[in-house]
Amino acid sequence: MQSSAVLVVNEHSGEVIYEKNADALLPIASITKLMTAMVTLDARLPMNELITISDDDVDTLKHTSSRLAVGTSLTRAEVLLLALMSSENRAAAALARAYPGGRDVFVRKMNEKAQQLGMRGSRFYDSTGLTPSNVSTPRDLVQLVKSARRYPEIHQFSTSSEYRFISNRNGREMVYRNTNPLVKSDDWDIGLSKTGFINEAGHCIVLQATIEGTPVVMILMDSQGSYTRIGDANRVKKWLETSPYAKLRAG
C-alpha cells in the first residue's frame, strides 16, 4: 500500500478489514466536498434554482485553474454534480456562497454535521478542501462516507462518468469527466467515490463499493500520485477477492 493512511471496513458490520495509520489527523482536500454535498442536500434547497459562478468563487488561496468561467449559470443540481464528479472547486465554493446565510453559516453547518456523525477529530473551514485546515482521520472519514452514501444524489453524482452542458456564456458544449477512472470499470461496483488532492494532503480517494458481495468502505489518504491511489484501490479489491484472511475479516 503506497498511501500513508488507510482504512478498509465492512460497511454493515463495521469490522476493520485493514488499517494503517487509521487515526492520523490529515488534510483531506476535496474529500471535503462530500460534506459540502450533505449540507447542501440537508437544507432541501430547490435543486432547479440557477446559481451563477461569481468572482467570489474564484480560488485565491491555491490559484487553481477552472474551466467553469465566471458568469456561467447552472442549476444547483448541476453545480453539485460538477463538485462531486469533477471536483470543481468553483462549484463547491458557489454552493456555500448560495446557501441561506452565506459561507459562514454553511461552514458552521459542516462542522455541526461532523459532530452529529461522531467525527470528533474533523474540522472544516471551507467547502472546497483547498485549505489544508480541513482535517480528518481515516476512521472519521468512514463515518462521512457511510452517511454520504445514503443520499441518492451523492451516489448518482459521485459515480457518474461524464456530464455535458451548453455554456450560457459562449454557446459551446462543455464536457466534464469523473476524477476517478474506476467508475467506468466493469470490474467495480461503486456506490460512492471522491478523490482529493492538494500538496499538503497528497493524493486521496474514498470509496464505497461492493466486493465479493460485501459492501466495503475504503479510505486511502496521502498517496504520492494520482495513479498510485488508484493502484492501491485495485490492490485492496484484489486482496479482498483472493485472500482467505481478507474474506474472513470482510464477513
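Which residues is Ser 167 in contact with, leaving aside its neighbours within four places in sequence? I began my notes with that, on a model that is predicted.

**Entry 1: Ser 167**

I found Ser 167 in contact with Arg 172 and Met 174, once its neighbours within four places in sequence are left aside. I placed Ser 167 in the loop between β7 (162–166) and β8. Ser 167 has 7% relative accessibility, so I put it down as buried. I also looked at where its side chain goes: the side chain of Ser 167 reaches the backbone nitrogen of Arg 169 at 3.1 Å.

**Entry 2: Ser 161**

I turned to Ser 161, which is in the loop between α6 (152–159) and β7. Buried or exposed, or partly exposed: how does Ser 161 count? I read 32% relative accessibility for Ser 161, which means that it counts as partly exposed.

I then listed what Ser 161 touches, not counting residues up to four places away in sequence: Met 85, Tyr 176, Arg 177, Asn 178, Val 183 and Lys 184. Ser 161 and Met 85 are 76 residues apart along the chain, and their C-alpha atoms are separated by 7.4 Å.

**Entry 3: helix α6**

I went to α6 for its buried residues and noted Ile 154, Phe 157, Ser 158 and Thr 159. What do the buried residues of α6 pack against? I found α1, α2, α5 (138–148) and β9 as their packing partners.

**Entry 4: strand β9 and its hairpin**

I followed β9 next. Eight of the nine residues of β9 are buried, and I noted the strand as mostly covered. I found β9 paired with strand β10 (residues 202–211) in the antiparallel sense, over eight bridges. The two strands β9 and β10 form a hairpin, with three residues between them.

**Entry 5: helix α3**

I checked how enclosed α3 is. Eight of its nine residues are buried, so α3 is largely enclosed by the rest of the structure. I wrote down the buried residues of α3 by name: Asn 89, Arg 90, Ala 91, Ala 92, Ala 93, Ala 94, Leu 95 and Ala 96. I found that these buried residues pack against α1 (32–42), β4 (50–52), α2 (76–85) and α4.

Which residue caps the N-terminal end of α3? I found Glu 88 there, with a side-chain oxygen 3.0 Å from the backbone nitrogen of Arg 90.

**Entry 6: two positive phi angles**

I looked at Ser 87, in the loop between α2 and α3. Ser 87 is not a glycine, yet I read a positive phi of about 55 degrees for it. Its relative accessibility is 14%, so I counted Ser 87 as buried.

I noted a positive phi of about 60 degrees for Asp 222, which is not a glycine either. I found Asp 222 in strand β11 (residues 214–223). With 23% relative accessibility, Asp 222 counts as partly exposed; the cut-off for buried is under 20%.

**Entry 7: the largest pocket**

How much space lies in the largest pocket? I read about 610 Å³. I found 26 residues lining the largest pocket, and Ser 86, Ser 87, Asn 89, Thr 179 and Phe 197 lie nearest its centre. By class, I recorded seven nonpolar, 14 polar and five charged residues in the lining of the largest pocket.

**Entry 8: the second largest pocket**

I read a volume of about 280 Å³ for the second largest pocket. It is lined by 17 residues, and I noted Ala 93, Arg 103, Asp 126, Thr 128 and Leu 130 as the closest to its centre. The elements giving two or more residues to this lining are α3 (89–97) and α4 (102–116).

Which element gives the most to the lining of the second largest pocket? I found that α3 does, with three residues. By class, I recorded seven nonpolar, five polar and five charged residues in the lining of the second largest pocket.

Methods. Residues numbered from 1 in each chain as written. Predicted model: local features only at pLDDT ≥ 70, side-chain atom pairs only at ≥ 80, totals over all residues. Heavy atoms only, no water. 1 Å grid on protein atoms, 1.4 Å probe; cavity = no way out; pocket = protein on both sides within 12 Å on 5 of 7 lines; lining within 4 Å. Points joined across faces, edges and corners; volume = space filled by probe spheres on them. Nonpolar A, V, L, I, M, F, W, Y, C, P; charged D, E, K, R; others polar. Helix = DSSP H or I, 4+ residues; strand = E, 2+ residues; numbered from the N terminus. Buried < 20%, exposed > 50% of the residue type's maximum accessible area, 1.4 Å probe, protein only. Polar contact = N/O pair within 3.5 Å; in protein donor to acceptor, adjacent residues only side chain to side chain. Contact = heavy atoms within 4.5 Å. Pairing = 2+ DSSP bridges.
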